[in-house]
Amino acid sequence: MSLTHQHPSDRHGPVGEPIVDEATGLLTDPTTPVSIHHETTAELDRLWDDKPGLWGRLTAVQNDAVGRRMMLTGFFFLLLGGSVDSVVMRLQLARPDSEIIGPQLYNELFTNHGSVTMFLVILPIFEGFAILTLPMLLGSREMPFPRLGAFAYWTFLMGGLLYYSSTLFSAVPDVGWFAYTPLSGPRFSPDLNVDFWVLGLGVAEIGAIAGAVEIIIAVLKLRAPGMSLARLPLYAWAMLTTAFMILFAFTPLIVGSLLLELERGFGMHFFTPEAGGSSLLWQHLFWIFGHPEVYIQFLPATGIVSMVLPVMVRRRIAGYSWMVAAMIGIGFLSFGLWAHHMFTVGLPAIVLAFFAAASMVIAVPAGVQFFSWIATIWDGRVRWSTPMLFVFGFMVTFVVGGITGVMVAAVPFDQQAHDSYFVVGHLHYVLIGGVAFPIFAGVYYWFPKFTGRMMSERLGRWNFWLLFAGVHVTFFPMHIVGLLGMPRRIYTYPADAGWAIWNLISSLGLLLILPGIGFFMLNVWWSRKHGQPAGPNPWGADSLEWALPSPPPQQGWTRLPIVRTRHPLWDQDDLHTGDERHERLADALGKWPLKWRAVLVVGTGNGEPEEIFRVSDTSIWPFVTAVGTVVIFASELLKLRLGALLGAAIVVGAVLMWNRPSPAPMTEAEELEFEREHGVPVRASGSLVVARWGMALAILFLSIAFGSFVLSYFYLRLENPVWPPAGVERPDIWIGAIIVALFAVAVAAVQAGRRGILADDRERLLGGLGAGITCGAAAVALLVTDLVQADFGAADHAYGSIFHTLGGFAIVVTCCALVMSAATFVYGARGEYSAHRFSPIDNVARFWVATGAIAALTIAVLYGSPYLTS
């Protein structure tokens, strides 16, 4: 019987551990019929392993270490902020006129509960899950920037700890997870409470963006030979869409948080109406993040469901292309919904109609996903194992949350239900049904792969049914009590309001949820040591990771798989035959190199081999960079501005050490010889392709930030009938023209230097970089001088605040370009670059183009737009 036509349950039952053939000394995996040398596997395992001890923990960059840490830390914050706070709040609301806690502590609890869940729990767990699983699932050995992944974890951890350190100062944030102005401004919140919220979570947001960059490049470029986009697992599609959404959503939030901190710490006026600011500007910036954030959490969950469900019903997913289109559609549409949360602030009727329609339309791609899952179940035979139970719980619960979401998308209904407990019930149905249940499904599904042990089905069923019942008992009554008029965020209520019985039922529901979580923790602890041995593929799954031993070796794949279908373990006789070029390349990488960490880069669309490069190994500098970042934020929290400068110096120094050139393990001649033999370039000094993608995403991040600043500028301008304010002179447009000219010369000079190194002309390289540094520094000096000598200050009014902030952003970006250019100049003078090894110069040249564009647009906005008549 051909393996191609075998049913997955016929082909793959629970299988044994890999076997070493005594006659040949080869390691044989029963799931993959091709063999590899056991000695080679062991040597690669040692090469890719992180160092032991405390130093090894601080310098670890391997995706398995980083991914597990993010998941475990996120779960720790869940227990701290998601469970403890919930218990206290529900005890307080179980009875009317309760006095267990007072209003101030209640405000702190619901602020912490929402903030921790949205920023420190769900997203880090999903990013950690992706970093842990994607290399194996895609047929690669590692993420593209292991040190960036380590930096993402350290910033997430340190940001969370900085946020929680507010308890040491008796300054716990108390303005809600949305921190609306003017309540969060200096007038109504003069203490450190809001600063802990802004700055602590700001550090974690930086980590989220760093993780997103890792995920995007991993999915698009680090895949097995032959894995085209059309063969990409749906979980990878979900994480790719999510990662792009993180870039576009978190960046405006970081900009908004910066503006809020500048108003609180430096007396600026972005949100103060009396000085020309607008409190609604904060809501726009926040909800541009806030509503996509819901789908940032939902899409990875749908990716997990789309991986688990077909395996558990033993049928391929129905409508693969429609599922991909639905995921991408949700990603796009989610950014047209932010005013969905602002229906009661007085927006024009035409704006309300647009956002109401968008809020309903997004239900269409979500419906496509559900019909695809239902069709897959309909055509299959369901195995009611624990992962499938949680998939079932997800589908039931999220449908209720989705229906109530369409209800609040209708403006008349939303204006009645807004800020009531109906919205609280809706939100928790979406987040727990749409997010928490799939997380549990994913853990039960992939736990055997990473531990070699199955989780207990008996404990798993207790875990599921207690959680499933507890969620509905706790959160469904909130819809009813909300329709009866109970506002959210109140710490008590009168006995005659008619809300007591529903609140009591909701509180009793926690008596089911908490034991359910307890059974999960018990199951994880027990199964790690006593669970049934799993084997490589206990579920009979179709995706690549199940071809590896359980647990997998440090490098994951010793010999890279060759993908010829969307379901390689169901459709292919083996994973190592296919295109002859792919076979020769996979065979070569299975034996070489054994002294440095080699990863294959493929074409974005077709999955054809494009490059072999050396990924970075262990390093302390990501940890030091994260420490410097936290020092900056903590110093601003305590108003120690010299400490912030020290932190900035630490960050600059650590980043330079992080990226300093290291001796290449191969000569250029050896790299070229491999390229002639296999048709794929080798870059043992660092990737050209991956570095270009990294720089492109860095530029995208800066562009989104710049766009957020420009949006803020013109929003404030529209809010003020006179711009600039009366008595303020318009900026000298000729100075702006000189600044733009200097930037143009700097960009051209750096481009000339890049062309020089491509011609192996070091003198042209150094001359171009030197001229670029000189002109860029002159432009910065002129802009700084003009800002300092302006006849208005940053704290005078909203115009002065946004003028200096937007100009300051251009200065910071240019300083980054100058530091990069200076480092490249030094390394170029030492002979580190050539026509074959020029990736850093290529990146610096691209960054200067972006810097010049940002500077020119900044000058156009600041120096040109005031001359336009309204």
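A salt bridge here is a side-chain nitrogen of Lys or Arg within 4 Å of a carboxyl oxygen of Asp or Glu. By that criterion, Arg683 pairs with Glu611, the closest N and O atoms being 2.9 Å apart. The structure holds 21 salt bridges. This is a predicted model, in which local features need pLDDT of at least 70 and side-chain atom pairs count only at pLDDT 80 or more, while totals for chains, interfaces and linings use all residues. Residues are numbered from 1 along each chain as its sequence is written, and side-chain values use heavy atoms, with hydrogens and water left out.

**Domains**

- The chain is divided into domain 1 (32-233 + 543-687), domain 2 (289-537) and domain 3 (697-869). These bounds come from an automatic or database domain assignment.
- Between domain 2 and domain 3, the C-alpha centres lie 44 Å apart.

**Salt bridge between strands**

- Helices (H or I, at least four residues) and strands (E, at least two) are DSSP runs, numbered from the N terminus.
- Arg683 and Glu611 are both buried. Buried means under 20% relative accessible area, exposed means over 50%, and partly exposed is in between (1.4 Å probe, protein chains only).

**Salt-bridge network**

- Four residues, Asp195, Glu261, Arg264 and Lys639, are linked in a network of salt bridges.
- Arg264 and Asp195 meet through their side chains at 3.0 Å, N to O. Arg264 sits in helix H8 (residues 234-266) and Asp195 in helix H7 (residues 193-221), so the pair ties together parts that are 69 residues apart in sequence.
- Arg264 and Asp195 are each buried.
- Glu261 forms a salt bridge with Lys639, with the closest N and O atoms 3.8 Å apart. Glu261 belongs to helix H8 and Lys639 to the loop between helix H20 (621-637) and helix H21 (641-658), so this contact ties together parts that are 378 residues apart in sequence.
- Glu261 counts as buried because its relative accessibility is 5%. Lys639 is partly exposed, with a relative accessible area of 34%.

**Surface patch**

- Leu168, Phe169, Leu638 and Leu640 make a nonpolar surface patch of about 430 Å². Patches are made of residues with over 30% relative accessible area and no salt bridge; like charges are joined within 9 Å, and nonpolar side chains (Val, Leu, Ile, Met, Phe, Trp, Tyr) within 5 Å. Accessible areas come from the Shrake-Rupley method with a 1.4 Å probe, and for residues only the protein chains shown count as cover.
- Leu168 is exposed, with a relative accessible area of 73%. Its position is the loop between helix H6 (146-164) and H7.

- Five of the five residues of strand E4 (residues 598-602) are buried, so E4 is largely enclosed by the rest of the structure.
- Both faces of E4 are covered. Ala598, Leu600 and Val602 are buried on one side, and Val599 and Val601 on the other.
- E4 and E5 run antiparallel and are joined by five bridges. Two strands pair if DSSP finds at least two bridges between them.
- Leu600 has Ile612 in E5 as its bridge partner.
- The hairpin of E4 and E5 has six residues between the strands, and Gly607 takes a positive phi near 70° there.

**Backbone exceptions**

- Most residues other than glycine have a negative phi, and most peptide bonds are trans.
- The peptide bond from Thr181 to Pro182 is cis, with omega near 5°. Pro182 is in the loop between H6 and H7.
- A cis peptide bond also runs from Ser550 to Pro551, with omega near -5°. The loop between helix H17 (500-530) and helix H18 (568-571) holds Pro551.
- Ala179 is not a glycine, yet has a positive phi of about 50°. This residue lies in the loop between H6 and H7. Ala179 counts as buried, at 0% relative accessibility.
- Asp419, also not a glycine, has a positive phi of about 60°. Asp419 is placed in the loop between helix H14 (411-417) and helix H15 (421-451). With a relative accessible area of 30%, Asp419 is partly exposed.
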